[in-house]
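Student: I have a model open and would like to talk it through with you. Shall we look at it together?

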Amino acid sequence: MKIFTGAQIHELDKYTIEHEPVTSIALMERAAKAITRAITEMWGNDVPVVVFAGPGNNGGDALAVARMLAEMKYQVSVYLFNISGKLSDDCATNRQKVIDNKLIKNFTEVTNEFDPPKLESGMLVVDGLFGSGLNKPLAGGFASLVKYVNQSPSTVVSIDIPSGLMTEDNTYNVRANIIKADVTLTLQQKKLSFLFPENQRLIGRLRILDIRLSKEGMDNMPSAFNIIEEKDLRPRLLRRNEYAHKGDMGHALIVAGRHGMAGAAVLAAKACLRSGAGKLTVCTPRRNNDIMQISVPEAVISLDKDDYAFSEAIDSAGFDALGIGPGLGTDESSAIAFITQIRRTQAPMVIDADGLNILASHRAWLQQLPKGIIMTPHPKEFERLAGNRFSDSYELLSSVRGMAEHLQAYIILKGHHSALCLPDGNVVFNSTGNAGMATAGSGDVLTGIITGLLARGYKQADACMLGMYIHGLAGDLAAEETGEESLVASDIIKYLPQAFKHLAAEPC
């Protein structure tokens, strides 16, 4: 699913108007009907409604919704803010329709001073002040109105996007001047800013309403941002040859687990094997031998000469993929062994956890990473890697994209909507996963999955997309049994078989 910028959404509206064809006001009416239908499904006409409409097309949507709700016997009060004396054409048309409608309880056009209505518990506020075209923070009277609404006990539903929130970049926005919606009824598709964690409290519950923008227009419009879906991944799955043997399924190498962190190696190893690798070797310190042999009997164990830490790179010839970093430790001898292992390995690689922390402490080594390397940092790990702190998720994502392009790497920024930043600058967001997966070891499982997929024969982009989707899907299946609160990383591994089976099954 493509994610379009605010400017592209405007172009899609124009394309739909020109090619359907449909008039602009008719398209607005279509959107208003979808919004009204969603509101009436959630609130009955015994709930008083206050509509705040701005001077643009978002305000035009709100005016049309007010009229439709009034025709359905809702008690509606409308406030149209026309401070500059200039309304968009469609907003002006709907203003006249509201004036002509005798069922509207109260209509006030604000041109100067504004005496706000009392907003009480049990009332519904429809926020139609500003939409996806906003490009600067709200100030003055509009900022005061937003704060007034946010401090009220009323329920707030925002049309398309909470007023004050920008579609993409909110780095320099004033967060106190953004509507905090209980429900956001967005049109056609998610906005990029909806995928960032700090904006969730502003969006509330999200519903996406199909207003039938041109499919041809959406298909033809390029987008740097996409959300991966099941239908995108199913054709990428590799099917096993009926006569395959373990040598055909790839030999993976995982370097993980200093003494006391053998669990990270166990989780990564189990996930790797559950992801299709034919053979697996785990390189780990001597003291981990018994744990590994008992926990993962399917794996070959290559013991480091050191009892407690990874201290010496091993010959990587014959391996089809390398996963390195989980629980590895960051002492200097391990760091030297780490970069030596990277230099010696010709197979595709995944770096995670302490592997990333080692690079953060030796940032010059970033330039020695081979093209096509995969890194899987969470936000704090990436900040250490970049040597910088970021004020919000958009700024963070922009930096990850820049590093992926510069290094020609595949970087998965982990989170609720994990973002795969590709070497060409494009970004693919994951659509699976849940808050229960915010648990120790979850990242080690992801490293194992991707390493297994690489060994199995998937190219880096496909391994990353399939890996993060399967990881999240297994977590979702696990949460159905355990609940989010009790989910642990090994539960994700337990449900990997079901996740792969689900994705491989032909859709009904």
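Student: Is R212 buried or exposed?

Tutor: Happy to start there, with a note that this is a predicted model in which local features need pLDDT of at least 70, side-chain atom pairs count only at pLDDT 80 or more, and totals for chains, interfaces and linings use all residues. Residues are numbered from 1 along each chain as its sequence is written, and side-chain values use heavy atoms, with hydrogens and water left out. Buried means under 20% relative accessible area, exposed over 50%, and partly exposed in between, with a 1.4 Å probe and protein chains only. R212 has 52% relative accessibility, so it counts as exposed.

Student: Where is R212, and what is its phi?

Tutor: R212 sits in the loop between β8 (205-209) and α7 (215-220). Those names follow DSSP runs numbered from the N terminus: helices are H or I with at least four residues, strands are E with at least two. R212 is not a glycine, yet its phi is positive, at about 60 degrees.

Student: Why does D160 count as buried?

Tutor: D160 lies in the loop between β6 (155-159) and β7 (183-187). D160 also has a positive phi of about 70 degrees although it is not a glycine. D160 counts as buried because its relative accessibility is 7%.

Student: Which residues does A347 touch, not counting those up to four places away in sequence?

Tutor: A347 is in the loop between α11 (332-344) and β14 (349-351). With a relative accessibility of 11%, A347 is buried. Taking contact as heavy atoms within 4.5 Å, and leaving out residues up to four places away in sequence, A347 touches F319, D320 and A321.

Student: How far is R343 from P370 in space, C-alpha to C-alpha?

Tutor: R343 belongs to helix α11 and is partly exposed, at 47% relative accessible area. Beyond residues up to four places away in sequence, R343 touches W365 and Q368. R343 and P370 are 27 residues apart in sequence, and their C-alpha to C-alpha distance is 8.2 Å.

Student: Which residues does a cis peptide bond join?

Tutor: Look at the loop between α1 and α2, where P21 is found. The cis bond there has an omega of about -15 degrees, and the residues joined are E20 and P21.

Student: Which helix gives the most to the lining of the largest pocket?

Tutor: A pocket here is an open set of points on a 1 Å grid over the protein atoms alone, where a 1.4 Å probe fits, with protein on both sides within 12 Å along at least five of seven lines; lining residues have an atom within 4 Å of a point. The largest one has a volume of about 780 Å³, and of its 34 lining residues the closest to the centre are H10, D13, N57, N58 and S132. At least two lining residues come from each of α1 (6-19), α2 (24-42) and α3 (57-71). The most, eight residues, come from α1.

Student: What percentage of the residues in the protein is buried?

Tutor: For the overall picture, the protein has 18 helices and 18 strands, and its C-alpha trace spans about 85 × 45 × 40 Å along its principal axes. Of contacts between residues at least 6 apart in sequence, 73% join residues at least 24 apart. Of the 508 residues in the protein, the buried share is 57%.

Technical notes:
Grid points are joined across faces, edges and corners, and a volume is the space filled by probe spheres set on the points.
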